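Here is a short briefing on a single chain. Read it alongside the model.

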Amino acid sequence: MGDHMISFWEIARRAEFGPMMKEEDFDMRLARTAMELAKEHDITYDPSVYISSDDGLADEVWQAGIELLTRCGVYNASNKRVVEIKEEEIKEALKHARGEIEVGKGKDRVSIKARRVEGSDPPTIISGPFGVETTLEAFVPMNQAFAQEPLIDV
């Protein structure tokens, strides 16, 4: 692949023609793979540690996340297909990732900045009913409730 970032159109093509899979099967594959990767990378949960300062653990979680994406892909629920992504494509895309984007208009405009390890910039809080199936009648009131919450930036 080299210095050529995967295009939007290539991702769209994969979303349309990737391997078919039932959502339940994808979810099981994702859970099973995440558990395998947690073991392989010695990632454990300690409820007494709210935010870990272990750099080695952070590196293992990062690598496990990349492996999870490459092993499982991304599920396109609208047509029950899997978008497969190679590790080189992830790394190349990260090289070209923007450090900041602006979303919204007027008083609702928000600048979302990349946060650095041990940085002091506050996180941008993005919320909503992501991945939740809902009726048309509930869609607008549900999103309006999230939009009106003052703690939520986007």
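The backbone oxygen of Glu84 lies 2.8 Å from a polar atom of the Arg14 side chain. Arg14 also makes a side-chain polar contact with Glu89, at 2.6 Å. A polar contact is a pair of N or O atoms within 3.5 Å; within protein, one must be able to donate a hydrogen and the other to accept it, and residues adjacent in sequence count only if both atoms are side-chain atoms. This is a predicted model: local features need pLDDT of at least 70, side-chain atom pairs count only at pLDDT 80 or more, and totals for chains, interfaces and linings use all residues. Residues are numbered from 1 along each chain as its sequence is written, and side-chain values use heavy atoms, with hydrogens and water left out.

- Arg14 sits in helix 1 (residues 8-17).
- Arg14 is buried, with a relative accessible area of 13%. Here buried means under 20% relative accessible area, exposed over 50%, and partly exposed in between (1.4 Å probe, protein chains only).
- Glu89 forms a salt bridge with Arg14, and the closest N and O atoms are 2.6 Å apart. The pair links distant parts of the chain: Glu89 is in helix 4 (residues 87-95), Arg14 is in helix 1, and 75 residues separate them.
- A salt bridge is a side-chain nitrogen of Lys or Arg within 4 Å of a carboxyl oxygen of Asp or Glu.
- Glu89 counts as buried, at 4% relative accessibility.
- A network of salt bridges links Glu10, Arg13, Arg14 and Glu89.

**Other salt bridges**
- Side chains of opposite charge can pair when their charged atoms come close.
- The whole structure holds 10 salt bridges.
- One of them joins Lys91 and Glu87, at 2.8 Å from N to O. Both residues lie in helix 4, 4 residues apart, about one turn of the helix.
- Lys91 is partly exposed at 40% relative accessible area. Glu87 is partly exposed too, at 26%.
- Asp108 and Lys107 meet through their side chains in a salt bridge of 3.5 Å, N to O. Lys107 is exposed, with a relative accessible area of 77%.

**Surface patches**
- Asp42, Asp54, Asp55, Asp59, Glu60 and Glu118 form a negative surface patch.
- Asp59 belongs to helix 3 (residues 55-72). Asp59 is exposed, at 54% relative accessible area.
- A nonpolar surface patch consists of Ile126, Phe130 and Val154, with about 290 Å² of accessible area together.
- Val154 lies in the segment after helix 5 (136-148). Val154 counts as partly exposed, at 35% relative accessibility.
- Patches are made of residues with over 30% relative accessible area and no salt bridge; like charges are joined within 9 Å, and nonpolar side chains (Val, Leu, Ile, Met, Phe, Trp, Tyr) within 5 Å.
- Accessible areas come from the Shrake-Rupley method with a 1.4 Å probe.

**Overall fold**
- The chain has 5 helices and 4 strands. Helices (H or I, at least four residues) and strands (E, at least two) are DSSP runs, numbered from the N terminus.
- Along the sequence, the pattern reads α-α-α-β-β-α-β-β-α.
- The C-alpha trace spans about 45 × 40 × 35 Å along its principal axes.
- Of the chain's 154 residues, 18% count as buried.

Note on methods
Lys, Arg positive; Asp, Glu negative; His and termini not counted. Charge placed at Lys NZ, Arg CZ, Asp CG, Glu CD.
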